[in-house]
Each structure stands twice: as structure tokens, then as C-alpha cells.
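This briefing sets out the fold, the helix packing and the chain contact of the structure shown below. It is intended to be read alongside the coordinates.

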Amino acid sequence: MSMSVILQQRLPRVARGWNTLGATWRQLGEQTRFYGKTIGSLVDVFMHYKGELLRQVAAMSLGTGSLAVIGGTVAVVAFLTMSTSGAVASQGFNQLSQVGVEALNGFAAAFVNTRLVTPATGAVAFAATIGAGATAQLGAMRISEEIDALEVMGIRSIAYLASTRVAAALIVVVPLYCVALLLGYFAAQSITTWFYGQSGGVYQHYFNTFFIPADALRSFVVTVAEVTVIMLVHTYYGYNASGGPAGVGEAVGRATRTSLIAAVFVILFVTLALYGQTGNFNFAG
Amino acid sequence: MTHGTKETPPPHRPWAETKALGFVRGLGKFSAFSLDAFLAMLRPPFAGREFLEQCWFIIRVSMMPTLLLVIPFVVLATFTFNVLLVEFGAADLSGTGTALAAVNQIGPFVTVLVVAGSGAAAMCADLGARTIRDELDALRVMGVDPMRALVAPRVLAATLVALMLSSLVTLMGLTGGFLFAVFFQHVTPGAFAASLTLITGVSDVLVSMVKATSFGLIAGLIGCYQGTHVGGGPAAVGNAVNETVVYSFTLLFIVNAVLTAVGFEVTK
């Protein structure tokens with residue numbers, strides 16, 4: 001008759017709450033260990049699993065299954081960034097014209113798109129396409145016991161499945177983010193000049209004056225950080241899926257929720273760390 | 001082929017079933033499904049209990065993500081705006097920036113993320129699990145119409161919850177922006193509150209609510225469509241949820257861009 005038995009009999013609700021807390025805490029530890037192992041095994045990927053890495057790069061950039069029908073990851077990312085930048089440009093144009101300075105819309109696009117809108121939209125797009133896709137694949141492999149089969153064959157499953165996907169995502173994301181950023185600027189410009197009829201020269205002038213190239217580089221840092229976190233979360237939930245075919249679906253949903261939250265916090269803290277409290281911005285030059 | 005093996009002619013297919021038209025076919029099926037769902041909503045025996053349970057389900061799934069997503073987003077936006085405003089020497093107007101961000105853009109944006117990423121994904125996983133266990137066919141055999149019993153209450157629940165969530169998002173966003181501006185960026189609280197309503201008015205709040213309602217409707221329809229059209233195999237449900245997330249994000253972002261532009265023309 002230890003303390004825990006007495007606790008369970010006398011205060012069942014407290015004991016249950018305590019157990020849930022313990023389980024959550026343990027799961028957090030498991031997760032951390034998985035992430036550490038995945039990152040640590042990145043070396044193995046480049047040493048032993050180069051072929052699988054290339055295959056993942058190809059699959060991620062073009063998309064698989066029915067996603068490939070609508071143009072793959074590239075199309076989805078392009079679509080999402082264009083529509084958010086378009087929405088922000090039309091919002092900006094209308095609000096700025098209320099104070100009579102709609103000419104500054106080019107400046108708003110250069111500033112807000114680079115620092116905030118494109119990294120945030122990119123996070124959503126990457127989590128939805130390559131992230132959720134990885135969870136679905138790994139989850140299906142887990143419940144059809146393919147991962148156990150890999151282990152039996154002597155393949156390091158975390159390195160072969162999770163680390164290759166993280167590495168492939170980091171390789172794929174750089175050109176994808178270039179596309180996203182460029183299309184975001186393009187959408188903002190075409191909304192302002194074609195849809196609202198501002199003259200192209202005015203837009204170009206303010207855009208070029210206030211576009212900070214270093215900001216674009218910093219936003220790459222933000223994106224790489226957020227994609228690392230997104231892929232780690234998604235591979236964890238896929239690798240540890242359970243509960244049959246239905247469990248895979250639940251794992252995808254849970255992974256998307258978790259990775260979106262994690263990505264936004266990463267964006268927030270990396271942005272604050274990169275730009276500092278003053279914002280590192282000089283309007284007057 | 002080269003060694004004289006007899007080539008079997010491909011089975012004859014009408015041109016409408018070619019693979020290239022798969023996307024269009026999916027679109028047509030989805031439209032038909034949506035019409036069916038709307039009809040099912042109007043036909044009398046309304047599954048009220050299921051509706052309430054689904055509302056509670058979606059709220060339970062999306063409450064935490066909402067709260068955890070909106071605060072960092074608004075803090076980011078407030079930070080970016082305030083950097084500008086401090087540079088102009090107009091930090092007192094920071095409430096304007098926060099209100100603009102929270103009501104007009106971040107409110108709908110976060111609602112999209114939560115409704116599509118959490119609500120529709122969870123709904124699709126739930127319905128997909130039932131579909132692959134042939135529960136929907138069992139319902140049909142028992143004379144229960146799954147559209148009326150399962151789909152209609154889910155779509156309505158997603159619509160209602162999206163509307164409520166957007167209000168929550170806006171309120172949480174304004175509070176978070178206020179705290180960040182006042183305690184971290186040293187803006188006067190009175191000036192912040194006074195400048196909140198400078199450009200953002202009732203019409204913006206209404207447009208934001210209309211946006212959220214339509215997001216909920218579309219995300220609910222996509223989630224239910226994908227959930228009820230799951231094929232066999234263990235990878236199918238996972239892929240269906242993945243597709244739900246991708247399609248609903250894509251569609252809702254476009255709808256957001258269009259409604260933003262339309263909203264300005266209407267409220268002018």
C-alpha cells in the first residue's frame with residue numbers, strides 16, 4: 001500500500017489529473033528526444049541516404065497524389081502568397097487613400113510584405129502542403145508496419161524517414177520562398193497599378209526607395225527557422241501515429257494545429273530577435 | 001512491346017473520364033455535394049442534437065489554436081506598425097494600426113487558419129474514419145440520409161462557430177495589441193484607446209463577420225466532402241485530411257482577397 005494507491009482511492013479526481021499531467025510531461029520529453037535525434041541524424045542523411053534525400057526533394061517540390069494535379073507545392077504556395085499580398089495591397093490602398101497618401105502603397109508593400117506577410121503566409125502554405133503530406137505518408141507507413149520493417153532491416157528509421165524529410169524541406173524551401181516573395185510583390189503591384197489605377201512609376205519609386213534588401217535576407221532566416229520547426233512537428237506526429245487508418249487522419253489534423261501554433265511563435269520570436277526593439281528601420285534615411 | 005508481344009488495346013473510355021479532367025470532375029462533384037447539403041439543411045427533420053454536439057466538437061478543437069495564434073500575430077503586426085509610427089513620431093496612433101490589423105486582416109486570417117486547419121481537418125478525419133468503416137452505408141441501409149443526419153449539421157455548426165470565433169479573435173487581438181503596445185512599447189493607454197476607432201468602424205466589423213461566416217461555410221463543406229469521399233487504404237484518410245487543409249486554405253485565401261475588395265466597395 002504505497003502513497004499512490006491511497007491517493008487513488010481517497011482522491012480519485014486529483015490522482016487522475018496528476019496522471020494526465022505526468023503523461024503530458026512525458027510526451028513532451030519524448031517529443032524533445034525525437035527532435036534531438038532527428039536533428040542529430042542529419043549527418044547520416046548526407047553520409048548514407050543521399051538517394052532518399054533527392055527523392056524527397058523531388059516529391060516535395062512537385063507534390064504527390066492529387067496535389068500534383070493542381071500544380072503541386074509550388075502552385076499552392078504561389079496562390080496563397082499572391083492572394084494575401086493582394087488582400088493586403090487593397091486594404092493598404094483603401095486605408096491610405098482615406099488619409100490621402102495612397103501613393104505610399106508601394107512603400108507599404110515593400111515593408112509589410114517582406115517583414116510580416118510573406119513569412120507568415122509561407123508558414124501556412126508549407127505546413128499545409130509539405131508538412132501535412134509528410135505526416136500522412138509517415139502515418140500510413142507506421143500503421144502498415146513499414147517503419148518496423150525498416151528497423152528490422154537495419155535501417156535507422158528516424159534518419160531515413162524523418163531527417164531526410166527535414167533536410168529536403170530545408171533545401172526545397174529556399175527556391176520556393178523566392179517564388180513566394182516575388183509573386184507577393186508582383187500581386188501587390190498589379191493590384192495597385194492595374195486594379196486601382198495608380199501610375200506604375202509612382203508605385204515603383206516608393207517601392208524601390210523603401211525596399212531594404214537586408215530585410216529580404218532576414219525574412220529568409222525567419223522562413224528557414226519556421227520550416228525546420230514545422231517539419232519536426234509534422235514528422236513526429238506521423239512517425240508516432242496510432243489507431244488504424246482513422247488515426248492517421250487525426251494525426252494529420254493534430255500535427256497541422258500544433259505546427260501552425262509553433263511556427264507563429266517562431267516567427268514572432270525570430271522577428272523580434274532579428275529586428276530588435278527599435279525595429280531597425282530608418283524612414284528619413 | 002518490342003518482342004512482338006501482343007499489345008492489348010486500352011479499355012474504351014469516354015473522353016469525360018480522362019485523367020486530365022480529374023480536377024474539373026472533382027469541382028463538379030463538390031458543387032453537386034454542396035447543393036445536396038443545402039437542400040438537406042432545408043428539409044424538415046433537422047438534426048438539432050447533432051448540430052449542438054458538432055458545435056461543441058469544433059469549439060473544443062479550435063479554441064486553444066485560436067488563442068495561441070491570434071496573440072503572436074497581433075503582436076507582430078503591432079510591432080511592425082509601431083516601428084513605422086515611432087519613426088514618423090506618431091506613436092500615439094498605434095491603436096489605429098492595431099485595430100486595422102485585428103479587425104480587418106488578422107481577424108479573418110486567423111479565423112481561416114483555425115477553421116480550416118483545425119475545424120475542417122478534425123471534421124474530415126472524423127467523417128473519413130466513419131466512411132472507411134462503411135458506417136455511412138450502414139446509415140443508408142437503415143433509411144437514414146447521411147446528408148441530413150451528418151453533413152448538414154456539421155456545415156451549419158462550422159458556419160456558426162466560425163462567426164463566434166472571429167469575434168473572439170478580434171477581441172483577443174485588440175487586448176493583446178493593447179498590452180504589447182502599452183507595456184512593451186510604452187504607448188499611452190488613453191491615446192491607444194482613443195485612436196482605436198480612427199479608421200476602423202462598424203462597417204469594418206460587419207465585413208469581417210460576413211467574411212468569417214462564409215469561411216466557416218466553405219471550410220465545413222470542403223471538410224465534409226473530403227470526409228465522405230475517402231477511398232480505401234490506410235493512407236487515404238491521411239491524404240484526405242491533407243487535401244482538406246490545402247484546398248480550404250487555398251479557397252479561403254482567395255475568398256478573403258475578393259471579399260476585402262468587395263467590402264471596400266460596399267462600405268464606401
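Chain A contains 12 helices and zero strands. Its order along the sequence is accordingly written α-α-α-α-α-α-α-α-α-α-α-α. The model is predicted, and the predictor assigns the complex an ipTM of 0.77 and a pTM of 0.83.

**Overall form of chain A**
- Taken along the principal axes, the C-alpha atoms of chain A fill a box of roughly 80 × 50 × 30 Å.
- Chain A has 285 residues, of which 49% count as buried.
- Of the contacts in chain A between residues at least 6 apart in sequence, 83% join residues at least 24 apart.

**Helix 11 and helix 12 of chain A**
- Helix 11 (residues 213–239) and helix 12 (residues 244–275) of chain A pack with their axes 8 Å apart, at an angle of about 155°.
- Because angles over 145 degrees count as roughly antiparallel, helix 11 of chain A and helix 12 of chain A are roughly antiparallel to each other.
- Helix 11 of chain A passes helix 12 of chain A in a right-handed crossing.
- From helix 11 of chain A, the residues making the contact include V221(A), V222(A), A225(A), V229(A) and I230(A); among those from helix 12 of chain A are A255(A), T258(A), A262(A), V266(A) and V270(A).
- The contact of these two helices comprises 15 nonpolar, five polar and three charged residues.

**Helix 2 and helix 5 of chain B**
- The axes of helix 2 of chain B and helix 5 (residues 146–183) of chain B cross at roughly 30° and come within 7 Å.
- Since angles under 35 degrees count as roughly parallel, helix 2 of chain B is roughly parallel to helix 5 of chain B.
- The crossing of helix 2 and helix 5 of chain B is right-handed.
- In the contact of helix 2 with helix 5 of chain B, 22 residues are nonpolar, eight are polar and two are charged.

**Contact of chain A with chain B**
- Chain A contributes 52 residues to the contact and chain B contributes 50 residues.
- On chain B, helix 1 (22–42), helix 2 (48–88), helix 3 (94–132) and helix 8 (234–267) each supply at least two residues of the side that touches chain A.
- Helix 8 of chain B provides the largest share of that side, 21 residues.
- The side of chain B that touches chain A divides into 35 nonpolar, 13 polar and two charged residues.

**Confidence in chain B**
- The mean pLDDT of chain B is 81, and 91% of its residues reach 70 or more.
- Where pLDDT is low, the predicted coordinates should not be read in detail.

Methods
Residues numbered from 1 in each chain as written. Chains lettered and ligands numbered in written order. Predicted model: local features only at pLDDT ≥ 70, side-chain atom pairs only at ≥ 80, totals over all residues. Contact = placed C-beta atoms within 7 Å. Helix = DSSP H or I, 4+ residues; strand = E, 2+ residues; numbered from the N terminus. Nonpolar A, V, L, I, M, F, W, Y, C, P; charged D, E, K, R; others polar. Axes fitted to C-alpha atoms, helices over the stretch in contact; angles between N-to-C directions. Parallel < 35°, antiparallel > 145°, perpendicular 65-115°, else oblique. Left-handed = near helix turned anticlockwise from the far one by under 90°. pLDDT = per-residue confidence, 0-100. Buried ≥ 20, exposed ≤ 12 C-beta atoms within 10 Å, placed from the backbone.
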